[in-house]
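I opened my notebook to jot down what I could look up in this one. Here are my entries, in the order I made them.

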Amino acid sequence: MECFTHPGSSSVGICKTCGKAVCRTCAIDLGFAVACTQACATEAAAIHEMNQRGKKIYGIGVARPKIPSGVIMWLLFGALFSGFGAFAWFKARDLGWFLLLFGAASFFVAWLGYRRAKDVGLQC
Ligand SMILES: [Zn+2]
Ligand SMILES: [Zn+2]
């Protein structure tokens, strides 16, 4: 094929945006594709970016986290309240008990969530 802009020059690729043939002189290498003009390069980059984001949103080709985010949240709560509880235990016994109890409850909810997610095979 011949370059769309330079007659006589053989093409090395096809513009990702408009589909015109480009030669070595006018091709803009985007890494993932080639474009004929700067405008086409911008457009192709935008579409590429959308595809990349789309892949992330739908979880295509990326390793999913083993632990659901909800479980991680409760684990953090549990660690936080347990930590505070242990600290408060030295200051005021009553408050420490309450916080430690809340921390333990958070760990329990995290465990329940993990069990449920494992059964359903849900990843969210
Ligand atoms: Zn183009
Ligand atoms: Zn050309």
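**Entry 1: burial.** I started with how much of the chain is tucked away. This is a predicted model, and in it buried residues make up 20% of the 124 residues in the protein chain. I then looked up the accessible surface, which comes to about 9100 Å². Carbon and sulfur atoms own 65% of that surface.

**Entry 2: the elements.** Next I went through the helices and strands. I found three helices and four strands in the protein chain. Reading from the N terminus, I wrote down the order β-β-β-β-α-α-α. The radius of gyration is 28 Å, well over the 14 Å that the globule rule gives for 124 residues, so the chain is more spread out than a compact globule. I checked the spans too: along its principal axes, the C-alpha trace covers about 85 × 35 × 15 Å.

Entry 3: I took the contacts in the protein chain with a separation of 6 or more, and residues 24 or more positions apart account for 25% of them. For charges, I noted 13 positive and 6 negative side chains. The centres of these two sets lie 10 Å apart.

**Entry 4: a serine.** I picked S106, which has its place in helix α3 (residues 93-120). Is S106 buried or exposed? With a relative accessible area of 1%, S106 is buried, because the cut-off for buried is under 20%. Which residues does S106 touch, leaving out those up to four places away in sequence? I got W74, F77 and G78.

**Entry 5: the rings.** Two of those names made me look up aromatic pairs. A search of the whole structure finds four aromatic pairs. One of them joins W74 and F77, and this pair is tilted, at 5.5 Å centre to centre with 45 degrees between the planes. W74 and F77 are three residues apart in helix α2 (residues 69-91), so about one helical turn separates them.

I also checked how open these two residues are. W74 is partly exposed, with a relative accessible area of 30%. F77 is partly exposed as well, and its value is 31%.

Terms used: Residues are numbered from 1 along each chain as its sequence is written. Chains are lettered from A and ligands numbered from 1 in the order in which they are written. This is a predicted model: local features need pLDDT of at least 70, side-chain atom pairs count only at pLDDT 80 or more; totals for chains, interfaces and linings use all residues. Side-chain values use heavy atoms; hydrogens and water are left out. Helices (H or I, at least four residues) and strands (E, at least two) are DSSP runs, numbered from the N terminus. The radius of gyration is taken over C-alpha atoms; the globule rule is 2.2 Å times the number of residues to the power 0.38. Buried means under 20% relative accessible area, exposed over 50%, partly exposed in between (1.4 Å probe, protein chains only). Contact means heavy atoms within 4.5 Å. Accessible areas come from the Shrake-Rupley method with a 1.4 Å probe; for residues, only the protein chains shown count as cover. Lys and Arg count as positive and Asp and Glu as negative; His and the chain ends are not counted. The place of a charge is taken as NZ of Lys, CZ of Arg, CG of Asp or CD of Glu. Rings of Phe, Tyr and Trp (its six-membered ring) pair if their centres lie within 6.5 Å; planes under 30 degrees apart count as stacked, over 60 as edge-to-face and the rest as tilted.
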